[in-house]
Amino acid sequence: MAETPLRIAMIGLGTVGSGVARILQQHRELLQQRAGRPLELRRVVVRDLKKTRDVDLPGSLVTDSLTGVLDDPEVDVVLELMGGTMTARDVVLQALENGKDVVTANKALLCQAGDELFGRAVKLGRTIAFEAAVAGGIPIIAAVSQSMSANRIQSIQAILNGTSNYILSQMLLAGQSYSDALGQAQELGYAEADPTLDIDGTDAAQKLTLLVRLAFGISVPVSDFHVSGIDRIEPIDISSAGELGYTIKLIAQARLGEAGLALSVRPTLVRKDRPLAQTHGSLNAVALDGDSVGPLWMSGRGAGSLPTASAVVADLVDMAVGRAQLTFPRLGLGTPGEPLPIASRDEFVSRFYLRLTVEDRPHVMADVTDILGRRGISLASVIQHEAPEVSGDAASPHVPLIIMTHRTTAGAISAAERELDDLKTVRGNRVCLAVAD
Ligand code: NAP
Ligand code: HSE
């Protein structure tokens with residue numbers, strides 16, 4: 001057995017970095033056996049040397065000097081676990097220029113600067129591995145880039161954000177408020193430093209672009225497809241969806257169709273009996289369809305210290321045995337043939353759940369259904385629970401009106417929504433969600 005260690009420098013000792021340090025300590029011998037050589041953590045870079053850490057490391061290992069570590073000739077692999085995009089980009093580029101391979105969990109970075117970073121890595125003969133950047137502990141990058149290489153992938157449908165899924169699950173199963181559930185997700189280490197990225201759908205969209213890069217060979221900016229998050233969902237949406245037989249999930253999807261590749265991230269009503277609807281808490285799930293293998297399904301912890309670290313350490317083992325060096329360089333080379341066209345977001349076809357807050361008085365329902373009808377949108381069901389009777393001059397109460405449509409296009413529903421906003425009898429938060437039947 002070769003005994004030359006793989007010498008590792010880790011930038012960041014937060015949620016993910018601490019998990020990596022713990023696994024490297026606890027599974028030292030097992031990892032050495034699997035990697036064929038020791039995985040040696042030589043340096044750890046943090047911002048604040050005084051911060052108390054929940055993992056025990058020799059003081060001599062920890063430093064706040066980024067450049068000292070990146071320039072160290074006795075480092076083979078840099079783990080970028082600091083997050084953010086500006087400094088992280090410089091760190092990755094510097095590591096590559098200095099002849100080091102890189103492992104990162106940073107989907108924001110790869111989504112924003114992936115073309116540049118993968119291209120540079122190829123030119124320099126280096127590797128960037130990123131299993132932890134998508135769906136935390138689920139080995140989805142290995143599955144798509146290695147295990148499914150005999151397939152043309154037809155579709156991906158996935159829950160890719162642990163924080164959103166945790167919030168939706170806590171609201172559904174524990175009756176917790178949105179803000180309490182978000183606070184708990186932050187305490188548990190699931191959320192990004194800026195949790196807006198989790199709840200507005202950006203994080204899931206960034207992960208989807210990485211899967212699309214591997215599965216369909218194209219690099220698509222997040223701004224080129226529909227992205228909405230769970231930030232407008234209220235308890236009434238959770239209960240109304242339940243009444244109709246559905247659970248709300250933040251679904252990222254990529255589907256090959258006649259118009260090209262349709263991509264979106266949106267809160268979606270999923271039938272309660274579907275596995276995606278039963279994926280709760282910080283769990284993520286990915287359903288893939290390959291032309292050879294058929295449907296395939298993976299689920300597991302999508303966020304948190306040890307699950308994410310599990311994926312980072314797997315990349316290290318791949319680096320040590322040379323697997324990552326074979327798999328990842330082709331990312332910077334593009335794919336043969338014409339790039340796939342991206343389907344227009346207006347052409348997305350679905351049933352929709354529409355919640356409006358309307359004045360409870362004559363003709364309101366007629367006005368709403370007239371707008372939908374003129375757009376060719378047919379109603380599948382309508383729920384409006386009774387409001388208390390008012391008498392005399394008292395203003396009409398406002399009540400929620402829940403409409404399920406038959407199949408229509410996102411373009412038609414958006415145009416109808418704009419008209420509904422002009423009705424004086426419709427006000428407040430309006431929610432429009434796709435329905436996955
Ligand atoms: P975190 O808990 O905030 O940790 C970030 C670490 O980076 C901290 O130790 C921080 O140092 C260090 N750091 C930040 N800027 C630095 C700088 N300029 N120089 C040196 N050190 C710096 O973040 P995290 O949750 O571990 O996430 C890290 C990365 O993994 C992010 O890209 C995130 O998107 C990704 N990720 C996270 C999860 C998850 O479940 N948390 C899952 C998958 C992927 P101090 O401790 O001294 O402040
Ligand atoms: N903030 C991310 C999430 C971490 O909640 O899924 C895992 O990438």
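A crossing of two helices is called left-handed if the near helix is turned anticlockwise from the far one by less than a right angle, and right-handed if clockwise. Helices here (H or I, at least four residues) and strands (E, at least two) are DSSP runs, numbered from the N terminus. With that in hand, helix 7 passes helix 8 in a right-handed crossing.

A word on where the values come from. This is a predicted model, in which local features need pLDDT of at least 70 and side-chain atom pairs count only at pLDDT 80 or more, while totals for chains, interfaces and linings use all residues. Residues are numbered from 1 along each chain as its sequence is written, chains are lettered from A and ligands numbered from 1 in the order in which they are written, and side-chain values use heavy atoms, with hydrogens and water left out.

**Two helix pairs**

Axes are lines fitted to C-alpha atoms, for helices over the stretch in contact, and angles run from 0 to 180 degrees between N-to-C directions. Here are the two pairs.

| Helix pair | Axis separation | Angle |
|---|---|---|
| Helix 7 (residues 162–173) and helix 8 (residues 178–187) | within 9 Å | roughly 135° |
| Helix 14 and helix 15 | 9 Å | about 150° |

Angles under 35 degrees count as roughly parallel, over 145 as roughly antiparallel, 65 to 115 as roughly perpendicular and the rest as oblique. The angle of roughly 135° therefore makes helix 7 oblique to helix 8. On the helix 7 side, Thr 163, Tyr 166, Ile 167, Gln 170 and Met 171 meet Tyr 178, Ala 181, Leu 182, Gln 184 and Ala 185 of helix 8; contact means heavy atoms within 4.5 Å. By class, this contact has seven nonpolar, three polar and no charged residues. For these classes, Ala, Val, Leu, Ile, Met, Phe, Trp, Tyr, Cys and Pro count as nonpolar, Asp, Glu, Lys and Arg as charged, and the others, Gly among them, as polar.

For the other pair, the angle of about 150° makes helix 14 roughly antiparallel to helix 15. Their crossing is right-handed.

**Around helix 14**

Which residues of helix 14 (residues 364–374) are buried? They are Val 364, Val 368, Ile 371 and Leu 372, where buried means under 20% relative accessible area, exposed over 50%, and partly exposed in between (1.4 Å probe, protein chains only). Seen down the axis of helix 14, these residues fall within an arc of 95°, so they line one face of the helix; the arc is that of the directions from the helix axis to the C-beta atoms. Their cover includes strand 13 (349–359), strand 14 (379–383), strand 15 (398–405), helix 15 (410–421) and strand 17 (426–436).

Just after helix 14, Gly 376 takes a positive phi of about 75°. Ala 412, found in helix 15, is buried at 15% relative accessible area. Beyond its neighbours within four places in sequence, Ala 412 is in contact with Arg 375 and Ile 377.

**Two positive phi values outside glycine**

His 363 sits in the loop between strand 13 and helix 14, and its phi is near 80°, a positive value in a residue other than glycine. His 363 counts as exposed, at 57% relative accessibility. Ala 135, in the loop between strand 6 (128–129) and helix 6 (140–147), has a positive phi near 60°. Is Ala 135 buried or exposed? Ala 135 is buried, with a relative accessible area of 0%.
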